[in-house]
Amino acid sequence: MNSYHIVIDEDMLQNILETNFQESLDLFSINMLLYVLLLGILPAYLVLKAPITYASFTTESWSKIKVIAIIAVILTSMFFGFSKAYTSFVREHKPIRYYINPLYYLFSTGKYLANLSKVNSQPLKIIGAQATIPSNANRKPKLIIFVLGETARADRFSLNGYQRNTNAYLSTEKVTSFTNMQSCGTSTASSVPCLFSILGREQYDKETALNTENVLDVLQHAGVKVLWRDNNSDSKGVALRVPYVDYKTDVTNTICNPECRDEGMLVGLQAHINANSNQDILIVLHQMGSHGPAYYKRYPNQFEIFTPVCKTNQLEACNTAEINNSYDNTIAYTDYFLSKVIKLLKANDSSFATGLFYMSDHGESLGEQGIYLHGLPYFMAPKAQTHVASLLWFGEQFKINHAALQQRANQQYSHDYVFHTLLGLMDVKTTVYQAELNLLHGLNATNSSND
Ligand SMILES: [Zn+2]
């Protein structure tokens, strides 16, 4: 999912292996091909063909020993000269010891493969098997759409104070935008499984998460009709046990021009809702959103609002203003997409208590301190990569204390809240629910039974 990355760690290998062909195309260019040919393959060939004459074994050994001795002296004096800084820095940031090692990718590959076999050999841990939704004569069935956003930075939403009007549509709706939402990871491959898992960021590790049921499984145990529509790469293992439809192809997506648009996921959704009336429905829509570096491909022409834009995937060929313009246009398109989701929910307001829950997976660096894209190890990731856009909207039938919810908008929250908020939204009663990690704790009138 990422390029321009400095650390080939386990997550990055996962990103490489889970990136699909279309995503890879986004990163590909003629220039890149020339770089690889002229600066990689050609020098390697010349080195390979260079004639090497060896002196006798003793002469060679002696010259090597001299070089090693000189380097050792230089290294030792440098280390002791700055040891105070080094030791505290390395102690603070333990992973750096691996990252500075040029052979770290070999270690990462081994670790990745070892974990993969561990995942495949363990049985799935069932959670919340007894989950139920208490029946109540006054309760309307819930229709919740969870939009899983892609690469949307909180500070690029005008709802959160951005000076550009990137929320022309949502600003006319009664939404609560969370201004301090922190992501679990800095890449799709880590954030997506984490935010649906019960583990939370502190306890999260990929193997345990994949070997444990997630919130979609618990909702399904409780009888909620779950559907996942995906216009991104895939669900990263989250939707393995719920109905899943790929919208990244014009076989299913009717709005491809040529890129398949997020709004294509809404086509035919009314029929799915009609077919499941009188039931609780959760629909997950996984957006392509603001996926970089080819931001300019992420929106139809009419959303080229901020100009001039960067029309290449080679961000170094564009200036900061062009990159930011094209990125902001992707946010404007997401704003429009979310308003269409709300329109669909409003059309179902008479038969359901409706709600939209939007959450981006991670943020994006757009050239701040020379950093681009995302995927930096969490401890060193800038806020731009971990401060994500997130919002809630509710229909007329959803009993919620709007004023009290609005007061929570600026509080510090994180992806840890998604699991429990989704259970709370659906009034699910289960032993794995933690009220204090529900964004709506105490505000949702029909949820009093489990709050
Ligand atoms: Zn992502």
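User: In strand 11, which residue is the bridge partner of Leu 356?
Analyst: The bridge partner of Leu 356 in strand 11 is Trp 393. Strands here are DSSP runs of E with at least two residues, helices are runs of H or I with at least four residues, and both are numbered from the N terminus.

User: Before we go on, what kind of model is this?
Analyst: This is a predicted model, in which local features need pLDDT of at least 70 and side-chain atom pairs count only at pLDDT 80 or more, while totals for chains, interfaces and linings use all residues. Residues are numbered from 1 along each chain as its sequence is written.

User: How many bridges join strand 7 to strand 11?
Analyst: Strand 7 and strand 11 (residues 390-394) are joined by 5 bridges and run antiparallel. Two strands count as paired if DSSP finds at least two bridges between them.

User: And how do strand 1 and strand 7 pair?
Analyst: Strand 1 pairs with strand 7 in the parallel sense, over 8 bridges. Within this pairing, Val 147 has Tyr 358 of strand 7 as its bridge partner.

User: Is strand 7 mostly covered or uncovered?
Analyst: Strand 7 is mostly covered, with 8 of its 8 residues buried. A residue is called buried if 20 or more other C-beta atoms lie within 10 Å of its own, exposed if 12 or fewer do, and partly exposed in between, with C-beta atoms placed from the backbone.

User: Which residues lie on each side of it?
Analyst: One side of strand 7 has Ala 353, Gly 355, Phe 357 and Met 359, and the other has Thr 354, Leu 356, Tyr 358 and Ser 360. Both faces are covered, as all of these residues are buried. In a regular strand the side chains alternate between the two faces of the sheet.

User: Which helix lies across strand 7?
Analyst: Helix 16 (residues 416-425) lies across strand 1 (142-149) and strand 7 (353-360), and runs at about 170° to strand 7. Such angles run from 0 to 180 degrees between N-to-C directions, and the axes are lines fitted to C-alpha atoms, for helices over the stretch in contact. Two residues are in contact if their C-beta atoms, placed from the backbone, lie within 7 Å.

User: What is the strand order in the whole sheet?
Analyst: The sheet is open and has 7 strands in the order 2-11-7-1-6-4-5, with mixed pairing. Its edge strands are strand 2 (175-177) and strand 5 (244-246), each of which pairs on one side only. On average, neighbouring strands of this sheet are turned by 15° against each other, direction ignored.

User: Let us take strand 6. Why is it described as largely enclosed?
Analyst: Strand 6 is largely enclosed by the rest of the structure because 6 of its 6 residues are buried. Ile 281, Ile 283 and Leu 285 are buried on one side, and Leu 282, Val 284 and His 286 on the other.

User: What does strand 6 pair with?
Analyst: Strand 6 (residues 281-286) runs parallel to strand 4 (residues 225-230), to which 6 bridges join it. Strand 6 also pairs with strand 1 in the parallel sense over 6 bridges. Ile 281 of strand 6 is the bridge partner of Lys 225, and Leu 143 stands opposite Ile 281 as well. Arg 229 stands opposite Leu 285.

User: Which residues have the most contacts inside the largest nonpolar core?
Analyst: The largest nonpolar core has 79 residues, and Leu 219, Leu 282, Leu 356 and Met 426 have the most contacts inside it. A nonpolar core is a set of buried Ala, Val, Leu, Ile, Met, Phe, Trp, Tyr and Cys residues joined through C-beta atoms within 7 Å. Helix 13 (residues 320-346) gives the most to this core, with 8 residues.

User: Finally, how much of the protein chain counts as buried?
Analyst: Of the 451 residues of the protein chain, 40% count as buried. The protein chain has 16 helices and 12 strands.
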